[in-house]
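Q: I would like to learn how to read the features of a model such as this one. Could you take me through the structure step by step?

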Amino acid sequence: MDSKTFIKTMRSWENGSITRRDFLGKTGLGLAMAVVASNAPGLLTANAYAGDSTLIGDRMTLATWPNYHSQENFEAFAKSTGARVQMNVFGSNEEMLAKLQAGGSGWDVFVPTNYTIDTYVRLGLIEPLDLSRIPNFDPAAFEHRFMAQGTVDGKVYAVPKNWGTTGIVYDSGRIKGGVDSWRQFWDLTLTTASGRTIVHDYQLTAIGNALKYFGYSFNSLDPKELEAAEGLLIKAKPHLFAISSDVQPSLRNGDAWMAMSWTGDASQLHRDLPEMAFVLGKEGGELWSDFFAIPKSAQHRDAAYAFINYLLDPQRNKLEVESHGYPSGDKRVDALLPKEMLNDPIMYPAAERLSALEFGAAATLTSPTRAELMARFKAA
């Protein structure tokens with residue numbers, strides 16, 4: 001193809017009269033890209049794969065959390081790339097870590113929480129990201145505290161997805177007078193909300209929020225403090241409706257009245273059922289940020305990069321936030337959101353409540369003392 005014909009064909013693609021696939025086929029670039037991809041895939045950015053499933057494959061497996069993505073974005077990603085998203089849902093970082101350590105997870109992308117990333121790096125389970133393949137990630141758009149732990153020893157292993165809090169969601173029509181603290185949460189569980197409370201199936205938050213009853217650190221590893229938390233959990237166990245990290249179904253149908261809750265679950269519940277209220281315990285609790293990371297064992301690495309880059313596009317990320325109700329931490333996305341979301345106290349709590357919260361500590365993830373405590377609680 002001579003240069004004049006090439007320019008004419010390119011203009012036809014740009015004005016929409018031919019498809020991108022037609023453009024690649026007529027110019028021979030599609031074949032050239034496929035050859036490069038098969039011999040040196042790292043030379044192509046994620047944007048190079050859009051619309052050409054021969055380059056990224058027909059699927060991409062994601063390990064993530066409940067109620068945490070826009071199905072519209074998944075469908076659009078599959079349509080534009082040919083790679084459909086297969087999703088595995090988990091309720092705790094301990095469960096994610098165990099699955100990845102066991103091998104054969106099949107994941108291409110997963111969503112770890114800030115305090116876990118150092119452990120994944122130390123265990124050799126994830127690799128530094130090639131940021132040239134994620135051009136939609138702009139570090140300047142994110143507040144430092146919500147992306148700092150994605151970088152270990154100067155290398156970026158994970159890029160930010162969302163941030164949020166862990167608090168208490170409750171049915172204000174059934175729990176009169178409201179809830180304002182973790183002490184109230186546990187006291188109500190033992191009395192008027194007996195049989196109607198859900199506790200996360202996640203040792204960080206289940207144990208951490210029991211520790212807050214006594215005013216201890218959310219991340220405590222002190223044996224005496226953990227003993228007190230275990231006593232409370234064991235006492236509460238017969239009064240629980242469930243131990244589960246997917247709290248929405250039972251709250252929606254009225255079987256449960258109160259639960260430990262992440263920001264987005266509370267946002268989604270309150271959006272559909274205005275009587276569902278959310279509060280951060282005045283004693284403190286958890287502040288967290290989640291990330292996108294690629295396991296070393298990923299089999300569809302090109303699709304993984306394309307997927308992360310796709311969801312970090314501000315317009316696509318806006319759809320994510322509107323769907324799940326978690327703040328993105330990306331200033332470019334905030335600029336696109338409606339004012340009612342930016343002013344939502346569930347998504348953006350008052351500064352005095354945020355200041356009492358703690359990020360999870362890395363030591364809690366692999367603490368045998370905490371793991372054994374959680375096992376005894378669940379078995380009681």
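Q: What should I know before reading any value?
A: This is a predicted model, in which local features need pLDDT of at least 70, side-chain atom pairs count only at pLDDT 80 or more, and totals for chains, interfaces and linings use all residues. Residues are numbered from 1 along each chain as its sequence is written, and side-chain values use heavy atoms, with hydrogens and water left out.

Q: How many bridges join S1 and S2?
A: Six bridges join S1 to strand S2 (residues 84-89), in the parallel sense. Thr64 has Val89 in S2 as its bridge partner. Ala63 stands opposite Asn88 in S2.

Q: Which residues touch the most other members of the largest nonpolar core?
A: A nonpolar core is a set of buried Ala, Val, Leu, Ile, Met, Phe, Trp, Tyr and Cys residues joined through side-chain atoms within 4.5 Å. Buried means under 20% relative accessible area, exposed over 50%, partly exposed in between (1.4 Å probe, protein chains only). The largest core has 55 residues, and Phe110, Phe292 and Phe307 touch the most other members. Elements giving two or more residues to this core include S1, H5, S3 and strand S11 (285-292). H13 gives the most, with eight residues.

Q: Which residues are in contact with Phe110?
A: Neighbours within four places in sequence are left aside. Among the contacts of Phe110 are Ala63, Met96, Leu100, Tyr120 and Phe292. Another core, of 28 residues, lies apart from the largest one, and its members include Ile168, Ala229, Leu240 and Phe377.

Q: How many salt bridges does the whole structure hold?
A: A salt bridge is a side-chain nitrogen of Lys or Arg within 4 Å of a carboxyl oxygen of Asp or Glu. The search finds 13. One of them joins Asp171 and Arg174, at 3.5 Å from N to O. Asp171 is buried at 8% relative accessible area, while Arg174 is partly exposed at 44%. Arg252, Arg271 and Asp272 are linked in a network of salt bridges.

Q: Which parts of the chain does the pair Lys378 and Asp201 tie together?
A: The closest N and O atoms of Lys378 and Asp201 are 2.8 Å apart. Lys378 lies in helix H19 (residues 368-379) and Asp201 in the loop between strand S7 (197-199) and helix H9 (203-211), so the pair ties together parts 177 residues apart in sequence. Lys378 is partly exposed at 41%, and Asp201 is partly exposed at 27%.

Q: Where does Arg376 find its salt bridge partner Glu230?
A: The side chains of Arg376 and Glu230 meet at 2.7 Å, N to O. Arg376 is in helix H19 and Glu230 in helix H10 (residues 223-236), 146 residues apart. Arg376 is partly exposed at 41%, whereas Glu230 is buried at 18%.

Q: What is the phi of Asn67?
A: Asn67 has a positive phi of about 55°, although it is not a glycine. Asn67 sits in the loop between strand S1 (59-64) and helix H5 (71-81), partly exposed at 32%. Asp153, also not a glycine, has a positive phi of about 55°. Asp153 is in the loop between strand S4 (151-152) and strand S5 (155-156), and is exposed at 76%.

Technical notes: Helices (H or I, at least four residues) and strands (E, at least two) are DSSP runs, numbered from the N terminus. Two strands pair if DSSP finds at least two bridges between them. Contact means heavy atoms within 4.5 Å.
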